[in-house]
Amino acid sequence: MQPALVAKYGEARLPRYTSYPTAPRFSPAVDASTYGDWLAAIAPGKPTSLYLHIPFCRSMCWYCGCHTTITQRDQPILDYLDMLREEVRLVSANTCAPLSIDHVHFGGGTPTIMQPEEFRALISLLRKHFDFASTAEIAVEIDPRTLEPEMAMALGEAGVRRASLGVQSFDPVVQKAINRIQSEEQTMEAVSRLRQSGVDSINFDLIYGLPNQTIESCIATAEAAIRMGPERFAVFGYAHIPSFKKHQKLIDEQALADAEGRVAQAEAIAATLAAAGYRRIGLDHFALPDDDLAIAQARGQLHRNFQGYTTDSCETLIGFGASAIGRMKDGYVQNEVPPGLYAQRIASGRLATVKGYRMTPEDRLRASIIERLMCDFGVDVPALATAHGFDPELLLHGNKRLAMLQSDGILDIADGVIRLREGGRFLIRAAAAAFDAYIDQSGRTHSKAA
């Protein structure tokens, strides 16, 4: 990519567009009462996804942007799981019939911080209250440093078939700078345990833009990871926001790459994965050709949700746990963020939702356009606008962001059909932002009430 374009667009703080509107638009106007009404309105048999957030880790990785709490004791985790199970019962009681479950995702934090018997019991409770499809996909995020053989076995027995392992970087210098020491041997052992337990799809998370990271170390990490044979990769850029995540102040800002260096690292990883036979999926995912993600992309059926790129097409996503976000037909809901406040609400017999967003018809159109751009690097604006009952000129006429991207040679527009040029795909979020009604020219989202 041209350095001038990297300099112009590369430093913009743009959303990842795992939802639209994005979380800064959520407000208390959507509360637990609203959520209860939305749950009751879910049609019986409607395919539904579940997300369960486990906000605990044994140590803090300094780059982390997740909602998590550090604990060396098990009691806070046990207390939290009690509340999580109670939330499952509360949500189930608010639906008119057992929800039909197609996907389940455990995120964190470190979901596998719980004991094997606790995980088995949680899965059993979910199956008791919800109607799991025979093909339901269960996925879990894992810290390879703490995965014990008993837990790997419990995952397989519970029906987990996908696991996402945090790798980030195998460079010892980088690992020291981010407070995450993790050897290749530890990671390989975790992969082996999962495979032996029947978890047959493995994803590795890699990060570029970390302190002291170089193009060479990015390539070396990717090559080492490839040798372990994961089916997928997710490659994210480190977001340095110490004003929001205080522990990031422990990272040396002088050791971070500039925008041009970040792009070079990302493209070096992408080229390494492509050379090994992985197909690029959207902005930041990679998959082997026979993986479901690659097949969905080839068919134009790729989707995007809070976990990134996915084959999950469910309109409804139920979020459980502190800070968890759910997506309903009518909008978004988010639970109380601090685990203590979340527990108080659940213990009082109330749903934990404290904010959300009610979508308008125009929001749905813009969300559809943004999703197709993020997934396909192109979109037929007139076709989608017509399908949603809108004049495409609402989105195209006077769109200064879009015109600037076209003028800079990042994308082409013909009769309202947009297509990102090959060299401009790294800036897909800038193209998506051209259809974000709540973002200003600096990249900040407006905070007016939903």
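Predicted model: local features only at pLDDT ≥ 70, side-chain atom pairs only at ≥ 80, totals over all residues.
Student: Glad to start with the overall form. Why is the protein called as compact as a globular protein of its length?

Tutor: The secondary structure comes to 16 helices and 19 strands. The radius of gyration is 21 Å, close to the 22 Å that the globule rule gives for 450 residues, so the protein is as compact as a globular protein of that length. Along the principal axes, the C-alpha atoms fill a box of roughly 60 × 50 × 40 Å.

Student: What share of the contacts with a separation of 6 or more joins residues 24 or more positions apart?

Tutor: Such pairs account for 72% of those contacts. Buried residues, for their part, make up 54% of the 450 residues.

Student: Now to a single residue. Why is glutamine 265 called buried?

Tutor: Good one to check! Buried means under 20% relative accessible area, and glutamine 265 has 3%, so the residue is buried. Glutamine 265 has its place in helix H9 (residues 259-275).

Student: Which residues does glutamine 265 touch, not counting those up to four places away in sequence?

Tutor: Its contacts are Tyr208, Gly209, Gln213, Thr214, Ile215, Cys218 and Ala257. As for glycine 229, 36 residues apart from glutamine 265 along the chain, the two C-alpha atoms are separated by 21 Å.

Student: Which residues is phenylalanine 233 in contact with, leaving aside its neighbours within four places in sequence?

Tutor: The partners of phenylalanine 233 are Asn203, Phe204, Leu206, Ala225, Ile226, Leu273, Tyr278, Asp284, His285 and Phe286.

Student: One last element, then. Which residues of helix H5 are buried, and what covers them?

Tutor: In H5 (residues 149-157), the buried residues are Met151, Ala152, Ala154, Leu155 and Gly156. Their cover includes helix H4 (116-129), strand E5 (131-142), strand E6 (160-168) and helix H7 (184-196). Glycine 159 follows H5, with a positive phi near 95°.

Technical notes
Residues numbered from 1 in each chain as written. Heavy atoms only, no water. Helix = DSSP H or I, 4+ residues; strand = E, 2+ residues; numbered from the N terminus. Rg over C-alpha atoms; globule rule 2.2 N^0.38 Å. Buried < 20%, exposed > 50% of the residue type's maximum accessible area, 1.4 Å probe, protein only. Contact = heavy atoms within 4.5 Å.
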